[in-house]
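Please look over the sequence and the 3D structure below. The report that follows goes through selected features in plain terms.

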Amino acid sequence: MEPVGPDIVDAAQGLWSRISLFLEIMILPARLYQLAAIAGLILLSWLLGRIALRFWNAWLHDRSDWPKWRLRLGVLIGRRMGLMIFALLAWTVVIVMREITWPSRSALIALAASIALSWLAIFFVARLIANRFLRRIVSWAGWIWVTLFLLGLTEPAGDFLDSLAITIGDLRLSALTVLKALVVTGLLIGGARALSRLITGRLARNEDISPTMRVLTAKLLQVVLFSLAVVVGLKAVGFDLTGLAVFSGAVGVGLGFGLQKVVSNLVSGVIILLDKSIKPGDVISLGDTFGWIEELGARYVSVVTRDGKEYLIPNEDLVTGQVVNWSHTNSFVRLDLRFGASYGDDPHRVSATAIAAVKTVPRVLSDRQAVCWVTGFGDNAVDYVLRFWIDDAAKGLTNVRGQVYLALWDAFKEQGITLPFPQREVRLVNPSLRVQMDDPPPDNTESGREH
């Protein structure tokens with residue numbers, strides 16, 4: 001590693017000299033009144049911003065029927081109300097002063113107004129980036145760069161950052177290079193994300209492509225776009241990727257061993273998409289979890305149950321485990337309902353009554369014949385099984401079974417069919433023995449045993 005101490009000192013001295021010169025110009029008598037005017041404009045903008053924000057929020061509250069993007073834009077405007085008022089007042093002062101005096105006497109106010117307007121533009125443009133962390137990085141980088149640019153400090157600041165470098169062989173890594181790589185790569189990733197969401201939305205509306213192929217195409221597109229964004233971003237700032245080939249290979253091997261489950265889930269997700277075993281909208285059962293597939297992710301599958309819970313099941317469990325797909329080839333599902341009837345009732349009449357009752361339930365399919373069979377002669381009743389079909393398992397199974405049970409209850413009650421329940425009869429073998437329930441319990445003490 002080469003020594004970089006002298007370069008850092010020279011760059012720091014150059015940056016400090018430019019900052020010192022700028023501060024000396026600021027405290028000139030001809031500039032002090034402009035600084036006072038800027039401070040007064042900041043205070044006035046803060047006060048007016050707080051007052052205007054109350055009316056603005058009340059006005060937005062009455063626009064609850066607006067689309068979400070309009071309401072979100074209104075909230076963002078409210079968050080920067082004070083800065084917007086400052087930029088408006090500052091530019092108004094600058095325009096008036098340029099009409100009545102020399103432009104140099106309002107140069108600082110114009111500089112402050114330009115900085116404020118640039119910050120506003122960066123704030124609203126950065127909202128296009130969905131990722132919150134990435135949006136903050138881009139926003140802060142933009143605010144710092146535009147401030148340095150308007151103050152004329154970009155060149156000395158760049159020299160100072162470029163002097164903060166380490167050299168390993170042919171690889172020279174400076175703070176300026178890293179900063180440029182982060183900003184450019186972040187912008188490209190944001191653009192790739194926006195483009196991916198646009199294309200994914202178009203694919204979702206295309207009915208000619210199967211749901212699994214839509215998801216697979218979207219995932220492959222995201223991988224390609226994000227990979228290109230990283231590679232192009234690093235190459236755009238002159239970052240030599242060949243110098244990191246061996247290092248990245250070693251890191252990749254280490255990550256491969258440490259992230260076996262993650263890689264397994266990623267590969268399992270691709271397998272699920274390719275073999276089309278499950279797809280969004282399918283109704284599945286996995287262990288005690290029953291629900292429909294809401295989303296196929298790169299690492300997990302989102303399953304929403306009837307009670308509103310959302311389970312994130314790893315893709316590996318769906319590939320290696322046993323999964324019941326109620327709607328794999330079609331949406332028809334047969335349900336079995338078991339019940340018992342009294343021995344005194346004619347089995348033929350019980351079966352006919354049960355079939356007629358199940359047809360009155362709206363969710364039971366009428367074009368698929370329901371059947372009722374005798375399955376055995378139990379201790380207390382004749383055992384039956386009633387089988388019927390539905391095609392909307394996503395709406396739940398317990399509720400349709402409950403509706404069928406109620407229909408059977410009403411039909412059996414109307415036809416006089418008895419639903420038996422276990423009964424027990426107690427007989428006294430020796431009638432001379434009497435059982436007195438009011439006797440006190442026996443005394444288990446020593447004295448009681450002696451008596």
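## Report on a predicted model

V231 is partly exposed, with a relative accessible area of 42%; partly exposed stands between buried (under 20% relative accessible area) and exposed (over 50%), with a 1.4 Å probe and protein chains only. V231 sits in helix α9 (residues 211-236).

Residues are numbered from 1 along each chain as its sequence is written, and side-chain values use heavy atoms, with hydrogens and water left out.

**The whole protein**

The secondary structure comes to 15 helices and 10 strands. Helices (H or I, at least four residues) and strands (E, at least two) are DSSP runs, numbered from the N terminus. Of the 451 residues in the protein, 30% are buried. A contact means heavy atoms within 4.5 Å. Among contacts between residues at least 6 apart in sequence, 63% join residues at least 24 apart.

Q34 is buried, with a relative accessible area of 0%, whereas L47 is partly exposed at 41%. For L47 and I85, which are 38 residues apart along the chain, the C-alpha separation is 10.0 Å.

**Salt bridges**

How many salt bridges does the structure hold? There are three. A salt bridge is a side-chain nitrogen of Lys or Arg within 4 Å of a carboxyl oxygen of Asp or Glu. The table gives the pairs.

| Side chains | N to O distance |
|---|---|
| D336 and R334 | 3.6 Å |
| R387 and D336 | 3.5 Å |
| R363 and D392 | 3.1 Å |

R334, D336 and R387 are linked in a network of salt bridges. D336 is partly exposed, with a relative accessible area of 28%. R387 lies in strand β10 (residues 382-390) and D336 in strand β8, so the pair ties together parts that are 51 residues apart in sequence. R387 is partly exposed at 26%, and R334 counts as partly exposed at 40% relative accessibility.

The remaining pair in the table is R363 and D392. R363 lies in the loop between α13 and β9 (371-377) and D392 in the loop between β10 and α14 (398-415), so this pair ties together parts that are 29 residues apart in sequence. R363 is buried, with a relative accessible area of 13%, and D392 counts as buried at 15%.

**A buried charge without a partner**

D345 is found in the loop between β8 (333-341) and α13 (347-358). Does D345 count as buried or exposed? D345 is buried, yet has no salt bridge. The nearest side chain of opposite charge belongs to R349, 4.1 Å away. In this count Lys and Arg are positive and Asp and Glu negative, while His and the chain ends are not counted. Leaving aside its neighbours within four places in sequence, D345 is in contact with V350, G416, I417 and T418.

**The second largest pocket**

Rolling a probe the size of a water molecule over the atoms shows where empty space is left. On a 1 Å grid over the protein atoms alone, a pocket is an open set of points where a 1.4 Å probe fits, with protein on both sides within 12 Å along at least five of seven lines. About 450 Å³ of space lies in the second largest pocket; grid points are joined across faces, edges and corners, and the volume is the space filled by probe spheres set on the points.

Which residues lie nearest the centre of this pocket? They are R72, L76, R127, L128 and I129, from a lining of 14 residues. Lining residues have an atom within 4 Å of a point. Helices α3 (68-79) and α8 (175-204) each supply at least two residues of the lining. By class, the lining has eight nonpolar, one polar and five charged residues. Here Ala, Val, Leu, Ile, Met, Phe, Trp, Tyr, Cys and Pro count as nonpolar, Asp, Glu, Lys and Arg as charged, and the others, Gly among them, as polar.

How values were computed: This is a predicted model: local features need pLDDT of at least 70, side-chain atom pairs count only at pLDDT 80 or more; totals for chains, interfaces and linings use all residues.
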